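Dear colleague,

Please find below the structure that I am handing over to you, followed by a short account of what was found in it.

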Amino acid sequence: MEVFLHQFLNFEIMQKVFPLLLKGLWTTLYLCVLVIPLGLAGGLLLALLSLSRRRAVAWTTIALVDLFRAAPPLVLLILLYSGLPFAGIKLTPTAAVCLAFFCNTSSYYGEIYRAGIESVGRGQWEAARSTGLSAPQTLTYVILPQAVRNVLPDLVSNTIEVVKLTSIASVVSFPELLYSADMARSVTLNSSPVVLAAVMYILLLWPLVRLVSRLERQVAAR
Amino acid sequence: MPILTISGLRKSFGTTEVLKGIDLSVSNRELVFIIGPSGSGKSTLLRCINRLEEPTGGGIAFDGVEVTDRSTDLNALRRSMGMVFQSFNLYPHMTALANVTLALRKVLKKSRDEADAIGREALAKVGLSDKTASYPSELSGGQQQRVAIARALALDPKIVLFDEPTSALDPELVGSVLAVMRDLKAGGMTMLVVSHELRFARDAADRVIFMDQGHIVEEGPPSAIFNEPREARTRAFVAGLLR
Amino acid sequence: MTAWERFLETFFKPELMVQYWPDILEGVVVTVQIAAAVVVTGLALGLMLASVRAYQVRFLNLFIVIFVDVFRALPPLVAILLIYFGLPNIDIVLPSFAVLWLVLSFVLAAFAEEIFWAGITSTPKGQWEAARSTGLTFSQTLLSVVLPQAIRLGIPPLTNRTIAITKNTALGTVIGVSEILSQATSAQAFTGNATPLMMGALAYIILFIPIVAVGRWIETRFAWRRA
C-alpha cells in the first residue's frame, strides 16, 4: 500500500510539478479554444453541403466525412506531422494538430448538425419560406435553433470528446497537459504527475459529463 | 379584373403528372373554394402558386407579376401571398407573438416595437390577444392554427392560400378557425381555400372548384355545385361528402 | 522531377509498398484482434454494469456511477500511460496490448452502461408490471423482457460510439503495441520515406470505412425522429 501511495499519490511530487501541469492545462484550454470553434464552423458547413440538392456535392461531402470518421485522429495527426515534411511541407505542431483536429472534429460535428437539421420537419421550411424569408434567413432563425436544441446532448458530448482528444497532441510534442505530465513522470520516475493530470481532466470534464446526462434525459422526456 | 390568373399550369413529380393544365382566375375580394378527392392535385396547385413547388409548365400571373419568371423576386412575392398549412407549422421555439413578427422584422426590416404592434393587432384579429406570450406547445390545435393565420395576415397579404386548414383539428376546434376565416371574408380578403368543410363552402364561398385527377372538372357558385352538379364525377364526390 | 512525381515518390513509392505490406498486414491483424476483444468485453461489461444498476443497491450504484463518469471524462491516452508506466513500479507488469485492451474496454463499458441504462429506464413501467403479474421474478423480467428492449433501443447510439472507441486502438502505438500505426511509423523511421505511413493510414481507412458505412445504415434504419 505504501509503495502504491508513493508511486501514485505522492503529494510532494505533485506539489512540485503542479505549476508545470497548470501551464499544460492552460495550453490544453488554448488548444480547445482553437479547435472547438473551428470544428463547429466546419461541421456546419459540411452539414449544409451534405444536405445540398446537388447530388454530386452531397455525395462527395458524405464520402469525405466518412473518410475522416474512418481514419483514427492519431493517424491523421502523425501523417500530417511526420509525413508531410518528406514532401517538403513542414507544419508546426500547432498547425498539424489544428488541421488534423479540423478534419476529424468537423466531420463528427457535421453528422450531428445534419441529424439535427433533418429532425426539423419540412413544414417549418415551407412556413418560413411562405412568409418571404430567404433560405439563409430560414436556416438562421427557424431551422438551426430547433436543430441545435434537438441535438444539444450530442453536441456537448462530442465537445467532451474533442477536449479528451487534445491529449493526443502530446504525441507530436505539443506541450499540453498530458505532455507536461508525461515529461514530469519521466523526470521524477513517478506516476503521481500523470495521476494529477488525470484528476485535472476529470475535474474539467466531469461537470460536462453530468450536463450531457441531464440534457439527454430532458430531450428523451420531450 | 382578376388578381390571380393561372393558365395551363402543369406539374409532374417524376413521371406522374399531378396537374394536367389548370386554368383558373381569382378576382379581388373573392373566396374560391377547391374541393376534390385526395390525390386530385388541390394542394399541389396551391403550393405551385407561391412556388413551394416548381411548376413544370404554364403561367401564374399575380397582381401584374409573372410568378414563374426567373427574374421574379420570390421572397417579395411570397410576402404578399399568405399561406396557412394543414399542420400549422408554427415555430415551436418561439412565442405566438415571435412567430407572427419574425418575417416583419427580418424581411420587412421593421423595428421590434413596430413589429410587435402589428403582431399584437394580427393576434387580436384572430381572437388571441391573451396568448401573445404562449408557446405553440401551450396552445390548442385551433389556437395554433389561428396564430398561423395571424402570421400570414401580419404581412398584409393580397391573398391568403389555405391548405386544408381544419383537417388536423379535433371537430370541436374547427369552428373557431372557420369563424376567423368568415371574419376575413367579411373584411374583403381574397382567399383560395382547399378544404372539405362543405357547410362553410356553402355559406361563405363565392365560387367552388371541383378538381379530379389533375383537372378542373367543374366550377360554379356553391348552390350549383352542391345542388345540381353537371358532371357525374362531381355528383358522386359531393354525394359521398354529404352522406 | 515534377511535383506530382515527387508526391508519388514520397507517399506511394511502389518498391516500399511491396516491401512493407506484410508488416502493415501484421499490424492489421493485431488491430483487428484488439478491436474485436474490446468490442466483446466492453459491451459485455457495460451490459453487466447496467443490469447490476437495475437492482438499485446503493453501494454498487455509487461505484458504477463513479466508474462510468471517470471513464467518460478521462482521455483514454491518459489512462493508457498511467497504467502502462505506473503499474510496473508496484511490480505489476502487463503487456502493452493488455493495457490497451483493458483501457479501451473500460471506456466502451462506461459509454455502453449509460446507453443500456437509458434503455432500461425508458422501458415503460407497464412492461415490468405485465411481466411481474405473470409471476416472473425481478431478474427474469429484467433478463427476458426489459434488457432485449433496452439493447434494441441502444443499437444506433452504440454503433457510432463503438466505432469511435475501437479506432482508439491506434493509441497503442504510444506504448509499443504492434498495431497498424506502430508498424507504419517504425517502417517510416527505417526507410526515411512517408510511404509506409500512407499505407498505414489507408489500411485504417479500408478497415473502418465499411464499418462507418454500416453504422450510417444502422443509424438511418433505427432512426427515430423528434418532431
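Chain A contains ten helices and zero strands, where helices are DSSP runs of H or I with at least four residues and strands are runs of E with at least two, numbered from the N terminus. Its pattern along the sequence is therefore α-α-α-α-α-α-α-α-α-α.

This is a predicted model, in which local features need pLDDT of at least 70 and side-chain atom pairs count only at pLDDT 80 or more, while totals for chains, interfaces and linings use all residues. Residues are numbered from 1 along each chain as its sequence is written, chains are lettered from A and ligands numbered from 1 in the order in which they are written, and side-chain values use heavy atoms, with hydrogens and water left out.

The C-alpha atoms of chain A fill a box of roughly 70 × 50 × 25 Å along the principal axes. Of its 222 residues, 57% are buried (under 20% relative accessible area, with a 1.4 Å probe and protein chains only).

Chain A also meets chain C. The contact (heavy atoms within 4.5 Å) involves 57 residues of chain A and 49 residues of chain C. Together the two chains bury about 4400 Å², with 67% of it on carbon and sulfur atoms; buried area is the accessible area (1.4 Å probe) lost on putting two parts together, summed over both. On the chain A side, A:L79, A:F86 and A:K164 supply 14% of the area buried against chain C, more than any other three residues.

Four salt bridges cross this interface (a side-chain nitrogen of Lys or Arg within 4 Å of a carboxyl oxygen of Asp or Glu). A salt bridge joins A:E111 to C:R216, with the closest N and O atoms 3.3 Å apart.

Yours sincerely

Terms used: Buried < 20%, exposed > 50% of the residue type's maximum accessible area, 1.4 Å probe, protein only.
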